[in-house]
Amino acid sequence: MPPHLLLALAAILPFLGSVVALCLPGHARNAAAGVAGLVTVTSLACIGGLYPLAAGSAPVVWAVDWLPSLGVRLVLRLDGLAWIFAILVLGIGALVVLYARYYMAAADPVPRLFCYLLAFVGAMLGIVLSGNLIQLVVFWELTSVVSFLLIGYWSDNASARDGARMALTITAAGGLCLLVGAVLIGRIAGSYELDAVLASGPAIRESPLYLPALVLILAGALTKSAQLPFHIWLPRAMAAPTPISAYLHSATMVKAGIFLMIRLWPVLAGTESWYWIVGTAGMATMLVGSWSAIFQHDLKGLLAYSTISHLGLITLLLGLNSPLAVVAAIFHTVNHATFKASLFMAAGIIDHETGTRDMRRLSGLWRAMPYTGTLAMVAAAAMAGVPLLNGFLSKEMFLAEAVDNTGDHWLNLALPVLATLASAFTVLYSLRFIRQTFFGPPPHDLPHAPHEPVRWMRIPIEALVLACVAIGLVPNLTIGPALAGAARAVLGDRTPDYDLAIWHGFNAPLAMSVLALAGGVALYGVFGRRIDTNPRGGPWLMHRLDGGWLFERGMTGLVKGARALEARLGTERLQPQLRILFLAALVAATATGVVRGLDLLAPGRSTAFDPAFALMWLVGAACAVGAAERAKYHRLSAVILVGGAGLVSSLTFLWLSAPDLAVTQILVEIVTSVMLLLGLRWLPKRDAAIPAPASERARARRRRIVDLVVAVVAGASLAGLAYAVMTRPAVDGIGRWFVEEAYPQAGGRNVVNVLLVDFRAFDTLGEICVLGIVGLTVFALLRRFRPAPDTLERPAQQRRHDADDRGREGREPGHTAADALLVPRLVTTWLFPFIVLLALHLFLRGHDLPGGGFAAGIALTVAFMLQYMAWGAAWVEERLRIQPIAWIGLGLLVAVLAGAGSWLAGRPFLTAYFAYWHPPLLGKVPVASALVFDLGIMILVVGASALMLVALAHQSVRRTRVAEAEAERAAERDIA
Amino acid sequence: MELVLSAGIGILSAAGVWLILRPRTFQVVLGLSLLSYAVNLFIFAMGRLTVGAPPVLGAGAGTAIGTDNVFVDDPVTQALVLTAVVISFALTALFLVVLLAARGVTGSDHVDGQEPHQGEPHPGEPHPGNPHPGKLHP
C-alpha cells in the first residue's frame with residue numbers, strides 16, 4: 001500500500017472503530033475491547049511502518065480538497081514530531097484498551113467507553129497529523145467534546161458531571177481562542193497549511209498581529225495543558241474511570257497543548273513576549289503543581305497535581321527560547337507519558353483491589369501485592385528523577401537548561417533555585433506515594449482484602465515500566481533516533497548537538513539533582529507525619545486560593561448577570577420590547593451618522609418640484625395621521641384611511657416611473673382592504689364613551705407622550721435619511737447592466753419583470769414559496785379558529801333585517817340583503833369575465849410591458865373576491881369550485897418545472913430560454929421559458945390569496961351556523 | 001420632489017411606529033401596513049427619483065433597443081419592492097389571522113393577550129374570556 005494511503009488508513013480507523021463500538025450491545029465487553037484493540041494496534045502498525053519515511057527529509061503527506069473556495073485542504077502530514085506523538089497516542093492507547101478491559105466492571109456500559117475512547121484516539125491523531133491549522137482546530141475541539149463524554153462517563157456521579165462540565169468549559173473556550181489565533185496566523189502567512197506557516201516564521205513574528213495571535217493561540221494551548229490559572233479542570237477530571245485518566249492525563253489530552261506549542265515553536269518562539277508568557281506560566285504551574293501534589297491524600301489527586309507540575313516543567317522548557325530546551329521538552333513529554341500512565345494504572349489497580357485511593361487508609365500493601373508494588377516503585381522513581389531511569393535523563397537536561405539560561409532579571413537568576421526546589425517537591429511526593437501505600441503496618445478495615453490483580457491487567461504497566469528502564473539505561477538505542485527525528489522536524493538546521501548519555505561528569509545539573517533527591521527525602525522525613533494529619537486537607541499557604549470556587553463563582557456570576565440583563569431588557573410584554581428596539585435602532589443609526597459624518601442637507605441632485613405631487617402627498621399624510629388617530633375606536637374609517645395612504649403610495653410609484661409597482665400595489669391594496677374588513681367582524685366592541693380607570697389615565701397619557709416622541713423621531717430620521725440618499729448622485733451599480741442585458745439575454749423589454757422571472761428568478765421562487773406557506777398557515781390557523789363568545793352572534797343589522805323579513809308575508813330571511821345588493825350583484829357578474837380578461841392581459845404582456853404574474857394573480861383573485869362579496873360564499877361555491885390549495889401546489893410545480901427544464905439542455909436550474917415564433921396570422925410571438933415560470937407565479941398567487949380570503953370569509957358562515965345549531969339543540973332540550 | 005417624498009415617508013413611518021406601539025392588536029396590524037408602505041417607498045427611493053422614464057425598453061416595434069432613451073437609474077430597487085409589496089400583503093394577512101386566533105384563545109385583543117389592569121393572572125387560572133386557555137380548538 002502506498003505510504004500516504006497507509007497514513008490515511010491509520011487516521012480513519014479509530015473513527016470507524018468508534019462507530020462499530022457504538023453499535024455493539026451494552027454487555028459486549030470483550031467484543032468492544034477486541035475492536036478497540038484491533039484498531040489501535042493496526043493504526044500503530046501503520047504509523048510504525050512509516051518510520052523510515054517520517055524520519056526522512058520530507059514528511060509523508062495525504063491531502064484532499066476540503067473548502068477549496070477558502071483555500072483549505074484536508075492534509076495529513078507525518079513528520080518526525082508527528083510520528084513520536086502518534087506512537088505515544090496509539091501505543092499507550094493500545095495498552096489502555098487492554099487495561100480498561102479488565103478494569104471496567106461488567107455492569108458498566110463498556111462498549112460506550114470504547115466508542116468514546118476510540119473517537120478520542122482519532123481526534124488526538126487528527127491533531128497530531130494535521131497539516132492545516134483549521135483542521136487542527138477542528139480536531140482540537142473534537143478532543144474537548146469527547147473528553148467531556150469520557151470524564152462524565154459515570155454520569156450518575158455528580159462530581160463526574162461537574163468535572164466534565166468544567167473541563168469542557170475551559171478547554172472549549174481555549175479552543176475558540178485558538179481558532180481565532182489560527183485564523184490570524186493564516187492571514188499573516190497567507191495560507192493555513194502548516195508548511196506555509198512554518199516557512200513564514202519571521203513574517204509572523206514581525207507582524208503587528210503577532211501579539212494578539214500569540215495570546216490567542218497560547219490561550220488554547222495553556223488551557224488544554226492545564227497551566228496556571230487554567231489548571232483547575234485537571235484534578236476534577238479525575239472523576240473519570242482510571243484508564244481514561246491514565247490516557248487523557250499522560251499521553252493525550254494535556255499533551256495536545258504541549259504538541260501545539262512545540263509544533264508552532266519555530267514560528268512563534270524567540271520573542272520576549274513568548275519568553276514571558278510561556279516561561280512564567282510554566283514556572284508558576286510547575287511550582288504550584290508540585291507543591292499542591294504533596295498535600296493530596298487521594299492517589300489520583302496526587303498524580304493529577306504531579307501531572308500539572310510536569311506539564312509546567314515542559315512548558316517552561318519551551319518558554320526558554322533555546323533549541324536544546326525544545327529537545328528536552330520533547331524528551332520529557334515521552335518520559336512523562338510512560339511513567340505517568342503506568343502510575344495511573346497502578347493507582348487504578350490499588351483502587352480496584354482495595355476499594356480505596358485514600359493514602360491515609362492505605363498502608364503496607366507490599367505484603368499483598370509485591371509485584372504491582374515493584375512496578376509502581378520503579379515508575380515513581382522515574383518520576384522523581386532517580387538515575388538509570390528515563391525521568392532522570394530529561395530532568396538533567398532541564399536542570400542544565402535552567403543553569404544555562406542567563407539574564408539579568410531576577411527570574412533568570414532564580415530559575416536554577418526554583419527548578420531544584422520543584423524537583424525536591426517531586427521527590428517528596430513520589431516518596432510519599434510509595435511509602436504511604438506500600439510500606440508501614442498491614443492495612444486494616446479496607447473495603448476489600450488486597451491481592452494482586454489478574455495477569456492481563458499488569459501487562460500494560462509492565463510494558464511501560466520496561467520502557468522507562470530501557471530508555472533510562474540505553475537512551476541512544478531506544479529513543480535516540482526517534483527523538484532526533486522529532487527535533488529535526490521542529491528545529492531543522494537549528495538542531496543542536498546533544499548527548500543522551502547517563503553520565504556527563506560532575507557538573508551543576510548533577511549537583512542540583514543530588515540536592516533535590518536529598519532535600520526531598522529530608523523534607524519527607526521532617527514533615528511526612530504532619531502532611532498526613534494536615535487537618536485542612538489542602539496545601540499549606542494556598543488554601544485561600546481555591547480555583548474551583550472561583551470558577552463556580554464566575555459561572556454563577558455569568559448566569560446571574562445574564563438573568564439581570566434579561567430582567568432589565570427582556571420583557572414578556574410587547575410594547576416595552578418594541579420601544580427598546582426602536583430606541584436601540586435610533587441610537588445605532590445616529591451613532592453611525594455621527595461617526596461617518598453624514599451631512600443630511602448637502603446640495604445634490606433634485607427633480608423638479610410639482611405642486612400636484614405635493615398636494616397628493618398632503619392627502620397621503622392626512623390619511624396616515626388620520627388612520628393612526630382613529631385606529632382604536634373607529635376601525636372601519638381607519639381601514640379606509642390606510643387604504644388611502646396605500647393609494648397615494650401607488651400613485652407615487654406611477655409618477656416616479658415604476659408602473660409595475662403601481663399596478664401591483666393598487667391590486668394588493670384592494671385585497672388587503674377587503675381582508676381587513678373581513679377581520680373586523682371578530683373584534684371586540686371598543687367605545688370611547690367607556691372611561692378608563694382613573695389610576696390608568698395618568699400612566700396611559702405618559703406612555704402616549706413617550707410613544708409620540710419615539711414615533712416622531714423615528715419618522716423624522718427616516719425622512720432625513722431618505723432625503724439625504726435621494727439627493728446624492730446615483731451610484732453606478734448593477735442596475736445599468738440589467739437595463740442593457742434585459743433584451744439581448746432574456747428577450748424581455750420590461751426590465752423589472754425580466755429581473756423577477758429571469759435574472760433573479762431563484763429569489764422569486766423563494767418568495768412564492770413564502771407566499772404559499774403563509775396561505776397554508778392562515779388556512780391551518782383558521783381551521784381551528786375559536787372566536788370570542790361576544791362575536792358569535794350575527795351582526796345587529798343582519799338580525800334586524802332577518803326579523804323584518806320573517807315578519808312579512810312572502811319573504812324569507814336574506815331577502816332584504818338580496819334587494820340591497822341587486823345592482824352590485826348584476827354588475828359584478830357582468831364584470832367577472834372582463835376582470836379575468838384583464839388578468840390574462842396583464843399576464844401575457846408582462847414580459848414586455850407593465851404587468852406580470854404577480855399583478856395578474858392578484859387581479860384574478862379580485863375577480864373571485866367580488867363574486868363572494870356580492871353573492872355570498874354559498875352561492876358562489878355552488879357554481880364555481882375553486883380549490884386554492886391545489887392552485888398553490890400547481891403553481892409551485894409549474895414554476896419548479898419551468899426552472900428544471902433548463903437541466904434538459906444541460907444548463908443550471910432556472911436558466912431561461914427564449915425565441916421568437918412566427919405562427920401564421922398572429923405575426924411574431926415571443927416564446928420564453930420565463931413565461932412558464934411567470935405562469936407558475938400567477939397560479940400560486942391566485943391560490944394563496946384566494947385561500948386566505950376564502951378561509952376568512954367562511955368563518956362568518958360556519959361560526960354562526962354552529963352557534964345557531966347549538967342554540968336550537970338547547971331549545972329542543974328545554975322543550976323536552 | 002425629493003423633499004415631498006421624504007416628508008411623506010417620514011409621516012407614514014411615524015404613523016406606523018405610533019400604531020405599532022399601541023396596545024391593541026388591530027392597531028398594530030394597521031401600523032405594520034403603514035410602516036411597510038413607508039419602507040417600500042424608502043427602498044424604492046434608494047434607486048433615486050426619475051419622472052416619466054419607466055424601465056421598459058424600445059417602446060416601438062422591432063428588436064432595436066432604445067439606447068438613447070432615458071431610463072430610471074436603478075430598476076433593481078423596483079424589482080425588490082415589487083416582491084416586498086406582495087410579501088407585506090402576506091404578512092398583513094398572517095398577522096390579521098394570528099390576531100383573530102389570539103383574540104379567540106385569550107379573550108383579549110391586547111398585544112400581550114391579557115388586559116393590563118387585570119394584573120398578572122395566576123398560573124393555571126383561566127382567562128376571563130376563555131375557559132380553556134392555551135387550547136386553540138374546542
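A: Let's begin with a term: two strands count as paired if DSSP finds at least two bridges between them. Keep in mind as well that this is a predicted model.

In chain A, strand 1 (residues 60-67) and strand 2 (residues 72-78) pair in the antiparallel sense, with 7 bridges between them. To find the pairing on screen, look for L67(A), whose bridge partner in strand 2 of chain A is V72(A).

A226(A) has phi near 55°, and it sits in the loop between helix 10 and helix 11 of chain A. Is A226(A) buried or exposed? A residue is buried if 20 or more other C-beta atoms lie within 10 Å of its own; A226(A) has 29 of them within 10 Å, so it counts as buried. While you're in that loop, look at P229(A), which is found there as well, between helix 10 (210-224) and helix 11 (233-236) of chain A. The peptide bond leading from L228(A) to P229(A) is cis, with omega near 0°.

Another one to find is L388(A), a residue other than glycine with a positive phi of about 80°. Its place is the loop between helix 18 (370-384) and helix 19 (390-404) of chain A. L388(A) has 14 other C-beta atoms within 10 Å, so it comes out as partly exposed.

How far can you trust the picture? Chain A averages a pLDDT of 87, and 96% of its residues score at least 70. Among the elements of chain A, helix 10 has the highest mean pLDDT, at 94, while strand 4 (residues 925-928) has the lowest, at 68. Where pLDDT is low, the predicted coordinates should not be read in detail.

Along the sequence, chain B reads α-α-α, which comes to 3 helices and 0 strands. Of its 138 residues, 56% count as buried. Among the contacts in chain B with a separation of 6 or more, 51% link residues 24 or more positions apart. An unreviewed UniProt entry marks residues 6-21, 28-47 and 79-102 of chain B as "transmembrane region". In the model, residues 6-21 of chain B are 94% helix and 0% strand, and their end C-alpha atoms lie 22 Å apart. Residues 79-102 of chain B are 100% helix, with end C-alpha atoms 34 Å apart.

Finally, here's where the chains meet. The contact takes 97 residues from chain A and 84 residues from chain B. On the side of chain A that touches chain B, the elements giving two or more residues include helix 26 (574-596), helix 28 (635-655) and helix 33 (761-783) of chain A. The largest share of that side, 16 residues, comes from helix 30 of chain A. Sorted by class, the side of chain A that touches chain B has 65 nonpolar, 19 polar and 13 charged residues.

Conventions. Residues numbered from 1 in each chain as written. Chains lettered and ligands numbered in written order. Predicted model: local features only at pLDDT ≥ 70, side-chain atom pairs only at ≥ 80, totals over all residues. UniProt positions renumbered as here; feature names shortened; annotations may be inferred. Helix = DSSP H or I, 4+ residues; strand = E, 2+ residues; numbered from the N terminus. Contact = placed C-beta atoms within 7 Å. Nonpolar A, V, L, I, M, F, W, Y, C, P; charged D, E, K, R; others polar. Buried ≥ 20, exposed ≤ 12 C-beta atoms within 10 Å, placed from the backbone. pLDDT = per-residue confidence, 0-100.
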